[in-house]
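Good morning, and thank you for coming. Today I would like to walk you through some strands and the turns that link them. Please look at the display as I speak.

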Amino acid sequence: MKMHSRLVTSPPKRFAIALLLSAGLGGQFSPMAVIAAEAENTIKDRDNILIADQFNNRVIEVDQSNHHIVWQFGNGSDKPGPHSIVGVNDAERVGQFTLLSGTGIPPSNPPLPGCSDSTNGCPDNRVLLVNRKGQIVWQYGQAGVSGAGQSQLNTPVQAAVLSDFQRRRGLHVIIADQANQRIIIVDRAHRLVWQYGTTGVTGNGPNQLNNPNSAELLPNGHVLIADESNNRVIEVTTDLHIVQQLTASGTLNGVAFASRLPNGNTLITDANNNRVVEVNPKDVIVWEYATNTQAGSNANPQPTRAVRLENGDTLISDQFNNRVIEVNRNKQIVFQQGMLNVAGNGPNQLNGPYDAKKIGDFTGLIPPPYVDDDDF
């Protein structure tokens, strides 16, 4: 396994990404053409919200001004295929493409929503990059197959295209491969180039994880990991050393997502405590928001994602309240998609939304790179 001493040198800028990506394509696109294409896409979609609508087996792009669906991938089937995705937990717009994590739905009796098989569940186990026409242009993992070999996953819950890898080494994707107890980075040719966590081993010792739920590549080259069932967020170096551990002073329970903010604090989705917390580098909570206090709320909604937007608001996937909300620093809801504690797939309805991001505003820190058809 090839190790890299440093994965990224500085927060990438869109202009630099476009120039370097164009150069890496061997002159097939001019820098200004790539920049113009990205700018057109960003302006058109800006402020739309991309939602991983987990139990409806779909990803939808919603116009925030009127709640209308303007783009969708996933036909609702509980069988993974070229036009379907099962139990989707994560989605990210990358230029003209969308990166999706087909997590699957586990067995349950009675069966969970979105899955008709109570005995075997409805696995997916793919990370997909799809174009605007809904065509799969790249895939890691095999439909319905659980494994840890080449191009195999077991319950991938989150993925992200790595900007600096993209501009220097071609397409690379970081994946939280949860049931394999690992975070991996893979390239376009499906080669595994970095891993944290010992495959198939659950633990909290060196190079061990317990149901990792997200990973983020930081500007300093380290990787931030939401180590869900170890109730911690860890920052690890590329040579597999933990340099920081955050637990919100020992109060976290079920860490579903973590993101490093521009001010150096860390935003953490504390699912089993039904809250989002922001902690400073000393692990002290400086802001928090509970999602189960509103009249009519599910008592245990278990929010799964929270991202800090450029305007200072926080976008929260309030999973079992079946809604996505944007709250400001004063903890006021300024936008809501989905009806409070009402599951459905009709107008302005969601079913267990696991992830939501504003187009072009992934975390408010590092934008996704531009990816073009000629990268595949």
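How many residues lie between S17 and S18 in the hairpin they form? There are 4 residues between S17 and S18, and Asn-274, in that turn, has a positive phi of about 55°. Please bear in mind that this is a predicted model.

S17 pairs with strand S18, residues 275–279, in the antiparallel sense, and the pairing comprises 5 bridges. Within it, Ile-268 stands opposite Val-277 in S18.

S17 also has a partner in strand S16, residues 255–260; these two run antiparallel and are joined by 5 bridges. Here Val-255 faces Asp-270 of S17. S16 and S17 form a hairpin as well, with 5 residues between them, and Gly-264 in its turn has a positive phi of about 90°.

Is S17 itself mostly covered or uncovered? Strand S17, residues 266–270, is mostly covered, with 5 of its 5 residues buried. On one side we find Thr-266, Ile-268 and Asp-270, and on the other Leu-267 and Thr-269; both faces are covered.

I now turn to another part of the chain. There, 4 strands make an open sheet, ordered S12-S13-S14-S15, with antiparallel pairing. Its edge strands, S12 (212–217) and S15 (242–246), each pair on one side only. On average, neighbouring strands in this sheet are turned by 20° against each other, direction ignored.

Finally, strand S13, residues 223–227, is joined to strand S14, residues 232–236, by 5 bridges, and the two run antiparallel. In this pairing, Asp-227 stands opposite Arg-232 in S14. Thank you for your attention.

Conventions:
Residues numbered from 1 in each chain as written. Predicted model: local features only at pLDDT ≥ 70, side-chain atom pairs only at ≥ 80, totals over all residues. Heavy atoms only, no water. Pairing = 2+ DSSP bridges. Axes fitted to C-alpha atoms, helices over the stretch in contact; angles between N-to-C directions. Buried < 20%, exposed > 50% of the residue type's maximum accessible area, 1.4 Å probe, protein only.
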